[in-house]
Amino acid sequence: MAFDIEKIRSEFPILNRKVNGKPLVYFDNAATAQTPQPVIDAIVDYYSNYNANIHRGVHTLSQEATDKYEEARLKIQKHFNAKKSFEIIMTSGTTHSINIIATGFAEILEKGDEIIVSALEHHSNIVPWQMLCERTGAVLKVIPMNQEGELQMDAYDQLLSEKTKLVFTNHISNALGTINPIEEIIKKAHKVGAAVLIDGAQACPHIKPDVQALDVDFYVASAHKIYGPTGVGMLYGKEEWLNKLPPYQGGGEMIKEVTFEKTTYADLPHKFEAGTPNICGGIAFGAALDYANAIGFDIIETKEKELLEYGTSELLKIDGLKIYGTSSKKTSVISFNIEGIHPYDIGVILDKLGVAVRTGHHCAQPIMDFYKIPGTVRASFSFYNTKEEIDVLVGAVQKAQMMLR
Ligand code: PMP
């Protein structure tokens, strides 16, 4: 498909709106990406035509909803190249997916076992593991980062040992955009017999991961970062791991037989899918993957790289502006501060000018502590953004600087 930016932008209705009387410039894609019309249509279609509970009903609507929901699971399986469809667990998002694994490992870890996290994590890939350590007596070790915002891989080598049971890191950092060397992380962890969980929340809008080629044990993501709705996501787990781990929640859907004496659990994937799921969200997640794949991840990557390069060089022309996260391997996220100005104050003025960015610690406080800053302004670009919008951002930042100095 040829890349026609005007056509693509017309497929995202929200990009037409005004904010504070100015055309919206949406640069908060790393927090949540916008939703194209085919995904909105899938949501409307579900509630207009076949809203019903799944997997149980004998009636037509229930059957239609079940078919579409399971079709979405197959789309997710294909997208991530999982070997089996039941290795895809539908969840409410990355946070839920991580908690399923962290809670399950409470039955596997023993006192003194070690688990390794990276310094670049989102809180959702730190806190569940700390809770796991509290429950089991396992020890949390951290791969340190350097000034460029990259992981120090020689330190990782030193941390790995036969005590290491699990390693978890994000594929791409939400706060800095760094692309982590997950292939190397996975290979080295497997050499000492540790399992690996990769948090793909920030990678999936930009990259199409292949879980079999990566040989990763668990890979997790949220639909809302990949042009889908909020409140739905996925957990990929290797079959043998998912069979080994206990269910996360008890309830309907996840059982084979229930008596007051004993309950047996359903097979994969239902063992991890208690209760009525986000049926519409799951179906729309499938539609979002269809949309992104029709554009093509090679094109998405190329367009976003152009925006990153242009944005970086234009923003660096501003006096006193410092970018955090300067790895040569990064995606379209620019985290920055201006000397002497609090990031929040810049964010407020940018909003008045129609420019949406995120300010603060980006749920990654350890990174902010490393740089000894309270937070940053984060502009994150998607393939539907333009260089003209970056010009608006740069002008707005200059204006904010003038007003706040
Ligand atoms: N990990 C990373 C790297 C993220 O960027 C996010 C979302 N900001 C999450 C995890 C959590 O995702 P969710 O809130 O959709 O569960």
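Colleague: How far apart do the end C-alpha atoms of residues 25-393 lie, and how much of the span is helix and strand?

Modeller: In this predicted model, the end C-alpha atoms of residues 25-393 lie 8 Å apart. The span is 38% helix and 18% strand, where helices (H or I, at least four residues) and strands (E, at least two) are DSSP runs numbered from the N terminus. UniProt, in an unreviewed entry, places the feature "domain: Aminotransferase class V" at residues 25-393; its positions follow the numbering used here, feature names are shortened, and annotations may be inferred rather than shown by experiment. Residues are numbered from 1 along each chain as its sequence is written, and side-chain values use heavy atoms, leaving out hydrogens and water. Local features need pLDDT of at least 70, side-chain atom pairs count only at pLDDT 80 or more, and totals for chains, interfaces and linings use all residues.

Colleague: Into which domains is the protein chain divided?

Modeller: The chain is divided into domain 1, covering 5-30 + 296-396, and domain 2, covering 40-293; these bounds come from an automatic or database domain assignment. Taken over C-alpha atoms, the centres of domain 1 and domain 2 are 27 Å apart. Across the boundary, 36 residues of domain 1 are in contact with 33 residues of domain 2 (heavy atoms within 4.5 Å).

Colleague: At what angle do the axes of α2 and α10 cross?

Modeller: Two packed helices are described by the angle between their axes and the distance between the axes. Helix α2 (residues 37-49) and helix α10 (residues 279-295) have axes that come within 8 Å and cross at roughly 150°. The axes are lines fitted to C-alpha atoms over the stretch in contact, with angles from 0 to 180 degrees between N-to-C directions. The pair α2 and α10 is therefore roughly antiparallel (under 35 degrees is roughly parallel, over 145 roughly antiparallel, 65 to 115 roughly perpendicular, the rest oblique). The crossing of α2 and α10 is right-handed (near helix turned clockwise from the far one by less than a right angle; anticlockwise is left-handed).

Colleague: Which residues of α2 and α10 make the contact?

Modeller: From α2 come P38, V39, A42, I43, Y46 and Y47, and from α10 come I279, C280, I283, A284, A287, A288 and Y291. The residues of this contact divide into 13 nonpolar, no polar and no charged (nonpolar: Ala, Val, Leu, Ile, Met, Phe, Trp, Tyr, Cys and Pro; charged: Asp, Glu, Lys and Arg; polar: the others, Gly among them).

Colleague: At what angle do α3 and α10 pack?

Modeller: The angle between α3 and α10 is about 40°, with the axes 8 Å apart. That makes α3 oblique to α10, and the crossing is left-handed. Residues of the contact include A65, K68 and Y69 of α3, and G282, F285 and D290 of α10. By class, the contact of α3 with α10 has 8 nonpolar, 4 polar and 3 charged residues.

Colleague: How do the axes of α11 and α14 cross?

Modeller: Helix α11 (residues 297-315) and helix α14 (residues 387-404) have axes that come within 10 Å and cross at roughly 25°. That makes α11 roughly parallel to α14. The crossing of α11 and α14 is right-handed. Among the contact residues are E306, Y310 and E314 of α11, with K387, D391 and V397 of α14. The contact of α11 with α14 has 7 nonpolar, 1 polar and 4 charged residues.

Colleague: Which residues does a cis peptide bond join, and which residue has a positive phi although it is not a glycine?

Modeller: Most residues other than glycine have a negative phi, and most peptide bonds are trans. Here a cis peptide bond joins L268 and P269, with omega about 0°; P269 lies in the loop between β12 (263-265) and α10. H55, not a glycine, has a positive phi of about 70°, and H55 is found in the loop between α2 and α3 (60-80).
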